[in-house]
Amino acid sequence: MGLTLKWSVDKLNTVRFGITIATLVGLALLSYFSLRRLHETTRQVRQAHQTLEQIDLVMSHLKDAETGQRGYLLTGNQQYLQPYDEATGKIVPELELLATLVRDRPAQAQRLTEMQSRVQAKVFNMGQTIELRQTQGFEAAQKIVEIGRGKQLMDEIRAIATVLRSEQRLLLDQRTSYEEQQGDLATWITVGSVVLQILLITGIILQLNREARSLRESNQKLERYTHGMEQLVNAVQKLSMARDLDTILTVVKQAARELTGADGATLVLREQDQCYYIEENAIAPLWKGERFPIDQCISGWAMQNRQAAVIEDILQDARIPQEVYQQTFVKSMVMVPIRTMQPIGAIGNYWVEPHQPQVDQVKLLQALADTTAVAIENVQVYAELEERIQQRTAELHQLNGVLLRSNQELEQFAYVASHDLQEPLRTVASYTELLAKKYRGQLDEKAEKYINYVVDGASRMQQLINDLLMYSRVGRQTLQLTPVDCNQVVQQVCKTLEIGISENNATITYDPLPTVLADVTQLTQLVQNLIGNAIKYRGEDPPVIHITATQQATEWVFSIQDNGIGIDPQYTDRIFILFQRLHTRRKYSGTGIGLAICKKIVELHQGRIWVESQVGQGSTFYVALPDRYEPQAEVLLEAMV
Ligand code: ADP
């Protein structure tokens, strides 16, 4: 819409400009041609004058020649021949000049030709008489004169000259009157075009003035709008970070006034059927802290009608409670609802002078009000969330306490049970072994098989109890963090597992390993479990085990790689859970506690443990230990155990 309007305004201006230029060019051409015609007519008038003068000149020369001739004929005095010669000498060139002047009029040119032939004859005739006078005397010449040929020629010449003159005069009259007409026309055209040009230029100046004014106005409007937008963006940024109502009120009361350059701003919140004027920022006090019934104030009107109230003159508006406003500076105002769906308040702008609030000002204010609504909702949501988090944290604390207690009780129970079970179990095992030894060969085959089952079961149970005690001990002991040289740990483990290593013909190699802060007993237990498993879960080939350590951003990552049977990737998480095994006891002995102990040790050290493996391709166990502990970590560690 705006674009089409702009385009048509541009087009209109182009058309106007085109018409102006065309008119100016037309006027210039008209003046040019009319002046040219005037100039031509003037030239023709001048030519007519010149022609008349030229005819007179020719006739005058003829007359002079004739006078000279007569004088000489009568007196025989040579003196008279001088003017005669002068006159006849000039006649021919003057006649030629006359011929060029009438060249463009064929009838006159024809007449002039006739005149020229008669003039020649006349000159010849005069020459003849003079010659006769000189050679044969006065009578001889008189005879020729008396024939009357010379007079006749002169009469004819005069007659032609008269016709030529009258024609030229007629022509002169025509041309003079035409020249006057052309002169008038040229004058009118010039005056007309000057007037028109003045009008056009005045029009253009007026138009330019108008456009400059409207450009200035749009510039001012744009500047005001840009300033408002900057304020709005500023306010939106601050509101988006506001976490309480006080911050919102502070931001909004400042922005509401600066946005439009108003003399005052108020922030109103709805409280059921009351409008609470909670904040204001104005050149003089308004109604801060007061409450008005919703149907008796303009903020209430804006909320109930869910639209802005734009009032140029408050005295003329029935919605305004005059007695409330009489005490204030307000002459004009705008009130916009905070949120148009179910308004929760309103924002007002006030002016001390009568002011027509602009559409863009109302829009900016409404945008601020909408943002305020979102900010208030956010604050409510945050408050609710915070309350819920506090509630939840308290619940968790409580639950944690319960869990911790029951965990401790459980561990205590497991420890006591395992510990107390050891003694009777040891009795069962040793007496069953004694029984088996003493009655070997005396009992039947079945009884011996049963005794063997009991011996085997008792020893497995002993192993299980030992492992469980170990697991439980790991959780109960306090971590003693000291710098531990991992090379020494590996060497110690190799010594402990010496028999297994040599029986299986295993090779254990390791890169230079770091010294880390750890509990040496637990770290040794961890490495022993992992190397022990790498030997136990060997493949066809003798076990080859390699240990490395790499430093990452905040931790050391150890790897223990073997060439054993490998693990199906789908079970790589499960194997770290207590009692989880992937094989039957018959195939590989064990209790399914070893890796659970490893995981517990690593977690107590705030580290991680995982495995990467494929069936038949060996396994690599990784242990990541932090390279330093935060000061409170030790406290935490103590709290955890
Ligand atoms: P246990 O060895 O007593 O069965 P663990 O907790 O030490 O218990 O191991 C759990 C299971 O993880 C084992 O039963 C075995 O299937 C698998 N496992 C552990 N280490 C390896 C390894 N190096 N290679 C292949 N499988 C392994």
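Which residue in β6 stands opposite Leu 267?

Modeller: Leu 267 stands opposite Ile 347 in β6. Before the rest, the ground rules. This is a predicted model, in which local features need pLDDT of at least 70 and side-chain atom pairs count only at pLDDT 80 or more, while totals for chains, interfaces and linings use all residues. Residues are numbered from 1 along each chain as its sequence is written, and side-chain values use heavy atoms, with hydrogens and water left out. Helices (H or I, at least four residues) and strands (E, at least two) are DSSP runs, numbered from the N terminus.

Strand β1 covers residues 264–271, and six of its eight residues are buried, so β1 is largely enclosed by the rest of the structure. Buried means under 20% relative accessible area, exposed means over 50%, and partly exposed lies in between, with a 1.4 Å probe and protein chains only.

β1 has a pairing with β6 (residues 345–351), which is antiparallel and runs over six bridges. Two strands count as paired if DSSP finds at least two bridges between them. β1 also pairs with β2 (residues 274–282), again in the antiparallel sense, over eight bridges. There, Tyr 276 of β2 is the bridge partner of Leu 269. β1 and β2 form a hairpin with two residues between them, and Gln 272 in the turn has a positive phi of about 50°. In a regular strand the side chains alternate between the two faces of the sheet.

Tyr 276 has a further contact: the charged end of Arg 291 sits over its ring, 3.8 Å from the centre. The criterion is NZ of Lys or CZ of Arg within 6 Å of the ring centre and within 35 degrees of the ring normal. Elsewhere, the charged end of Lys 600 sits over the ring of Tyr 471, 4.3 Å from its centre.

A salt bridge here is a side-chain nitrogen of Lys or Arg within 4 Å of a carboxyl oxygen of Asp or Glu. Glu 279 is buried at 13% relative accessibility, whereas Lys 253 is partly exposed at 26%.

Arg 339 lies in the loop between β5 (332–338) and β6, and Glu 377 in helix α9 (residues 359–438), so the pair ties together parts that are 38 residues apart in sequence. Arg 339 is partly exposed at 21% relative accessibility, and Glu 377 is partly exposed at 29%. A search of the whole structure finds 19 salt bridges.

Aromatic rings come next. Ring pairs join Tyr 277, Trp 287, Phe 292, Tyr 325 and Tyr 350 into a cluster. Rings of Phe, Tyr and Trp (its six-membered ring) pair if their centres lie within 6.5 Å; planes under 30 degrees apart count as stacked, over 60 as edge-to-face and the rest as tilted. The structure holds eight aromatic pairs.
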